[in-house]
Amino acid sequence: MLSRTSTLLRPATASFARVQLRAMSSTSGEQLVVPTRSSSNKVSILTLNRPKALNALSTPLFQALNAELEKAEADDEVRAIVITGGEKNFAAGADIKEMKDKEFAEAYTTNFLGSWSKIASIRKPIIGAVAGYALGGGCELAMMCDILVATPKATFGQPEITLGIIPGMGGSQRLTTLIGKVKAMDMVLTGRKIDGVTAEKWGLVSRLTGEGESVVEEAVKVAETIAGFGKVAVQAGKEAVNGSLDLPLEQGLRLERRLFQQLFATQDQKEGMAAFAEKRKPTWSDK
Ligand code: CAA
């Protein structure tokens with residue numbers, strides 16, 4: 001799936017990869033999520049790997065993704081995570097073939113899709129790299145990332161209405177927050193698809209790739225920039241921005257101010273400001 005390997009990307013170590021293989025294989029032995037690392041080792045790159053099904057999000061694939069996210073979250077070396085489907089397709093939605101015979105009682109009692117939002121509990125920054133289709137659950141997975149890089153020709157959409165259902169992984173909620181009610185209604189009720197350029201204009205995507213650029217490499221560059229800053233401030237920044245989604249303004253402002261004030265207890269704040277005053281580069285200690 002990673003069609004272009006460069007100095008930015010490298011496979012996870014052999015022993016690490018062997019462990020991954022067990023955790024992430026489908027019953028047919030296919031590795032559903034391929035973990036690699038950036039050359040600095042600070043960025044975990046998780047590539048969805050069901051190319052023949054356009055990376056349709058099956059339950060085993062999501063279990064594999066959740067397992068990889070947990071490992072990346074627990075690994076001290078990892079400072080940021082990239083989730084991608086590679087240079088061809090991000091994900092064409094939840095696996096329709098897996099869902100088609102589901103009954104209400106089973107879906108309800110097993111909390112179908114409930115575990116798919118684990119990504120929202122990860123505290124490290126997550127950058128989504130989207131090329132090709134990001135439809136249904138794929139669009140929803142993309143929206144669960146913190147920053148989104150896409151190609152101009154990427155296709156975003158919530159076409160669930162065409163299947164007799166509605167988005168079930170946050171599409172109706174996150175899309176509305178990002179692009180506003182009327183555009184979200186347009187996409188959710190008509191199944192309208194938009195390209196990367198429109199998605200960027202509407203606020204769904206933060207960066208577009210330029211001509212000939214790899215979306216994965218561009219996302220890794222963003223992740224490396226973040227990885228170059230102090231860990232405590234990065235985590236606080238993510239917590240503060242996420243607070244704005246869940247909290248009324250007054251409480252959100254209080255959260256931000258508290259986090260801001262607490263950062264004055266860190267060595268990184270002393271170092272960052274001293275380095276500015278002394279006209280040198282800061283050395284972060286993550287303390
Ligand atoms: N689930 C299962 N399989 C899928 C799939 C999906 N969501 N999307 C594509 N595939 C499979 C196709 O069945 C096909 O498999 P076979 O070769 O075995 O037939 C393969 O991927 C290639 O797909 P197409 O031949 O259809 O490729 P295309 O280029 O003609 O069309 C497409 C591409 C427009 C994305 C089309 O595949 C499509 O419409 N896919 C479904 C998109 C969709 O409705 N997604 C929402 C799913 S519901 C959801 O996600 C709910 C939620 O909120 C969580």
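## Ligand contacts

An oxygen atom of the ligand lies 2.7 Å from a polar backbone atom of Gly137, a polar contact being a pair of N or O atoms within 3.5 Å, where pairs within protein also need one atom able to donate a hydrogen and the other to accept it, and residues adjacent in sequence count only if both atoms are side-chain atoms. Taken alone, the ligand exposes 990 Å², of which the protein buries 64%, with accessible areas taken from the Shrake-Rupley method with a 1.4 Å probe.

This is a predicted model, in which local features need pLDDT of at least 70 and side-chain atom pairs count only at pLDDT 80 or more, while totals for chains, interfaces and linings use all residues. Residues are numbered from 1 along each chain as its sequence is written, and side-chain values use heavy atoms, with hydrogens and water left out.

## The shell around the ligand

The ligand is surrounded by 22 residues, the closest being Ala94, Lys97, Gly137, Glu140 and Glu160; a residue counts as near if one of its heavy atoms lies within 4 Å. By class, this shell has 13 nonpolar, four polar and five charged residues, where Asp, Glu, Lys and Arg count as charged, Ala, Val, Leu, Ile, Met, Phe, Trp, Tyr, Cys and Pro as nonpolar, and the others, Gly among them, as polar.

The largest share of the shell, three residues, comes from H3, helices (H or I, at least four residues) being DSSP runs numbered from the N terminus. A nitrogen atom of the ligand is 2.9 Å from a polar backbone atom of Ile96, and a nitrogen atom of the ligand is 3.0 Å from a polar backbone atom of Ala92.

## Helix packing

The axes of helix H6 (residues 171–179) and helix H7 (residues 181–190) come within 7 Å and cross at roughly 140°, axes being lines fitted to C-alpha atoms, for helices over the stretch in contact, with angles running from 0 to 180 degrees between N-to-C directions.

Notes: Helices (H or I, at least four residues) and strands (E, at least two) are DSSP runs, numbered from the N terminus.
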